[in-house]
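I set down here, entry by entry, what I looked up in this structure.

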Amino acid sequence: MTAMTKKASFDGSPKSLAGSGRDFRSPPGSDFHSRTTPLSDWIEARKRDGVWSYGRSLASRPGAKASIKDANMKEFSGLNFGSQDYLNLSTHPEVVDAAIKAIQDYGVHSSGSGILMGNTDISIKLENAISDHLQATDTQLFPTGWGAGFGVVSGLVRPDDHVVLDVFAHSCLQEGAMASTKNVHRFRHLDNDDLRRVLSTIRASDTANAVMVITEGLFSMHADAPDLRTVQDLCHEFDATLVVDVAHDLGSTGPGGTGQIGIQGMVGKIDIVMGSFSKTFASNGGFVATKSRSLRNFIQVFASTTLFTNALSPSQAAAICASLSIVRSPEGERLRQSLASVSNHIHEHLKRHGLTVHGIGGPIAPVSVGNEAAGRLVCSLLPSNGILANLAEYPVVPKNDSRIRLQMMASHTEDDVSRLATTLRSAVDEANEVLQFRPGTVV
Ligand SMILES: Cc1ncc(COP(=O)(O)O)c(C=O)c1O
């Protein structure tokens with residue numbers, strides 16, 4: 001095992017290793033300034049103590065090797081397992097050329113919402129290409145993936161309707177549900193028996209209102225997938241409509257880049273597919289695709305995150321179109337194979353080093369590294385040892401189960417993975433050593 005280049009130590013305040021953002025979420029008081037100060041003090045203390053691993057910025061392209069600046073503007077270079085560019089399309093020459101041509105043809109700005117002349121023929125081509133890819137008939141674009149998730153729920157759901165979500169569904173879907181109705185129900189993660197229980201309870205007392213069921217193709221913090229056929233069958237049985245968020249798996253996995261829907265033989269069979277372009281398709285943006293023209297028209301008119309906001313810029317739409325063409329080509333297949341083998345190497349190497357890596361493979365590998373204090377120390381040790389990666393801590397993941405959320409790219413090599421594994425193992429060991437000598441630092 002490689003020793004860390006610098007011996008770990010922690011001379012900061014115990015408060016920086018304790019607590020979570022949730023402790024500060026609902027402060028009392030009549031004044032926004034004074035009630036936001038405790039969170040701010042906590043963040044600034046963590047920055048001073050070098051254990052605030054958020055607010056890092058890229059100082060290079062988001063490749064397998066990259067440079068970042070941390071929140072204190074200190075620069076680090078190393079192997080990058082923290083960017084969302086799974087097939088490296090954001091720097092692919094064809095994607096870059098398409099974006100430049102769109103800027104030359106249309107300027108840099110969409111200059112309107114999609115319904116008020118903000119679309120161009122590139123966006124229309126993109127809508128048709130997404131429909132074709134998913135065997136849908138109608139696609140609605142959104143300027144962000146978050147807006148697509150929030151919009152598909154809030155555009156369709158009315159106060160007497162019900163939304164039933166996998167407990168770990170993304171914030172855009174959870175917040176869309178809570179903004180739309182009081183009838184928000186959650187089922188245990190991936191548990192279709194629990195989903196059946198929730199649906200039958202709802203339908204036992206309410207057959208008059210609509211029910212929307214929401215899950216994800218590949219869960220972003222757990223890297224696991226539901227049994228989509230069973231979920232869709234349950235929706236039909238209980239007169240509910242299914243929405244599947246394919247932000248992380250579409251393009252990066254599955255036959256022809258069709259993600260979990262393709263892997264599970266469900267292309268063209270899901271009621272509503274919602275996704276983001278920001279993980280594999282080299283741009284901000286999102287979409288909702290369906291076989292129902294009436295659903296699409298309703299969303300276009302009532303989803304405020306597309307109606308009352310400017311459309312994707314022409315260069316974004318062009319970058320996504322070019323990315324989708326690559327995703328569907330033999331080159332896309334080769335890139336997915338490389339990504340899949342990086343993912344296999346990650347699981348093998350990390351397990352060999354005694355680390356717990358979650359999920360079924362694919363572009364995300366969350367690795368458990370201990371409680372919140374351990375997670376913060378591990379994540380702060382990695383950059384100076386040549387590894388750039390992000391920390392997921394409670395409440396995004398369970399309490400006392402902080403995770404380094406590794407995100408892979410097709411261009412990572414097995415050598416990169418081997419170095420990642422030894423460095424991560426050493427960081428976990430050093431963090432544990434530090435914490436042994438600091439009793440009382442952990443809540
Ligand atoms: C599952 C899931 N859905 C939706 C989104 C939102 O997409 P975007 O970041 O492109 O707005 C994300 C991104 O964090 C996500 O992980």
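**Entry 1: Asn-344.** I located Asn-344 in helix α13, which spans residues 330–352. The model is a predicted one, and I read every value below with that in mind.

**Entry 2: helix α4.** I turned to Ser-131, which belongs to helix α4 (residues 121–133). Ser-131 has a relative accessible area of 6% and is therefore buried, the cut-off being under 20%. Beyond its neighbours within four places in sequence, I found Ser-131 in contact with Ala-136, Thr-137, Asp-138 and Thr-139.

His-133 is found in helix α4 as well. I noted 5% relative accessibility for His-133, so this residue counts as buried. Which backbone oxygen lies 3.1 Å from a polar atom of the His-133 side chain? I traced it to Gly-257. With neighbours within four places in sequence set aside, the contacts of His-133 include Leu-250, Gly-256, Thr-258 and Val-267. Leu-324, Val-327 and Arg-328 are also among them.

**Entry 3: nonpolar cores.** I looked up the largest nonpolar core and found that it has 89 residues. Those with the most contacts inside this core are Val-213, Phe-287, Ile-346, Leu-350, Ile-404 and Leu-406. Why does the core lie between domain 1 and domain 2? Both domain 1 (55–84 + 330–436) and domain 2 (92–327) give residues to it, so it lies between them.

Apart from neighbours within four places in sequence, Leu-350 is in contact with His-345, Leu-355, Val-357, Val-367, Leu-406, Leu-420, Ala-421 and Leu-424. I recorded a second, separate core of 20 residues, which includes Leu-156, Val-157, Ala-169 and Ile-299.

**Entry 4: the ligand.** How many residues surround the ligand? I found 13, the closest being Asp-245, His-248, Ser-276, Ser-278 and Lys-279.

- The side chain of His-248 has an N or O atom 2.6 Å from an oxygen atom of the ligand.
- For Ser-276, a polar side-chain atom lies 2.7 Å from a ligand oxygen.
- For Ser-278, the distance from a side-chain N or O atom to an oxygen atom of the ligand is 2.6 Å.

Finally, I noted that the ligand taken alone exposes 390 Å², of which the protein buries 83%.

How values were computed
Residues are numbered from 1 along each chain as its sequence is written. This is a predicted model: local features need pLDDT of at least 70, side-chain atom pairs count only at pLDDT 80 or more; totals for chains, interfaces and linings use all residues. Side-chain values use heavy atoms; hydrogens and water are left out. Helices (H or I, at least four residues) and strands (E, at least two) are DSSP runs, numbered from the N terminus. Buried means under 20% relative accessible area, exposed over 50%, partly exposed in between (1.4 Å probe, protein chains only). Contact means heavy atoms within 4.5 Å. A polar contact is a pair of N or O atoms within 3.5 Å; within protein, one must be able to donate a hydrogen and the other to accept it, and residues adjacent in sequence count only if both atoms are side-chain atoms. A nonpolar core is a set of buried Ala, Val, Leu, Ile, Met, Phe, Trp, Tyr and Cys residues joined through side-chain atoms within 4.5 Å. Domain bounds come from an automatic or database domain assignment. A residue is near a molecule or strand if one of its heavy atoms lies within 4 Å of it. Accessible areas come from the Shrake-Rupley method with a 1.4 Å probe; for residues, only the protein chains shown count as cover.
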